[in-house]
Amino acid sequence: MNLNDIGGGLTPAQADGLACVACGADYLHIHVPHVPVGRSVTGSQVFACVGCALDARDERGKR
Ligand SMILES: [Zn+2]
């Protein structure tokens, strides 16, 4: 996952910060720790599960 791509291809829930932008977990139904990872094109803050956010950071660090 490339965090620079946030804003394209997100579901409405993801764009509203209600779901993980990486794995799509619905935070209204699935209670997992999540962290802000950026903003959607609409300016809403978007989130990823702690685990997903770490994975994304690791991938970015390799490049
Ligand atoms: Zn996730």
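Predicted model: local features only at pLDDT ≥ 70, side-chain atom pairs only at ≥ 80, totals over all residues.
**Overall picture**

Averaged over the protein chain, pLDDT is 84, and 79% of the residues reach at least 70. Among the elements, strand E2 has the highest mean pLDDT, at 95, while helix H2 has the lowest, at 78.

Two helices and two strands make up the secondary structure. Reading from the N terminus, their order is α-β-β-α. The chain has 63 residues, of which 22% count as buried. If you look at contacts between residues at least 6 apart in sequence, 47% of them join residues at least 24 apart.

**The hairpin**

Strand E1 covers residues 34-39 and pairs with E2 in the antiparallel sense, over five bridges. Together E1 and E2 form a hairpin, with five residues between them. In that turn you will find Gly 43, whose phi is positive, at about 95°. To trace the pairing on your screen, start with Gly 38, which has Val 46 of E2 as its bridge partner. Val 35, in turn, stands opposite Ala 48 in E2. E2 itself (residues 45-49) is mostly covered, with four of its five residues buried.

**The nonpolar core**

Which residues build the largest nonpolar core? There are twelve of them: Ala 15, Ala 19, Cys 20, Val 21, Ala 25, Val 37, Val 46, Phe 47, Ala 48, Cys 49, Cys 52 and Ala 53. The elements giving two or more residues to this core are E2 and helix H2 (50-62). E2 makes the greatest contribution, with four residues.

Setting aside residues up to four places away in sequence, Cys 49 touches Cys 20, Ala 22, Cys 23, Ala 25, Val 32, Pro 33 and His 34.

Ala 25 sits in the loop between helix H1 (12-15) and E1. Beyond its neighbours within four places in sequence, Ala 25 is in contact with Ala 19, Cys 20, Ile 30, Val 32 and Cys 49. Thr 11, by contrast, lies in the segment before H1.

Why does Ala 25 count as buried? Ala 25 has 21 C-beta neighbours inside 10 Å, and the cut-off for a buried residue is 20 or more, so Ala 25 qualifies.

| Residue pair | Separation along the chain | C-alpha separation |
|---|---|---|
| Ala 25 and Gln 14 | eleven residues | 9.0 Å |
| Thr 11 and Gly 24 | 13 residues | 8.5 Å |

Notes
Residues numbered from 1 in each chain as written. Pairing = 2+ DSSP bridges. Contact = placed C-beta atoms within 7 Å. Core = buried A, V, L, I, M, F, W, Y, C linked by C-beta atoms within 7 Å. pLDDT = per-residue confidence, 0-100.
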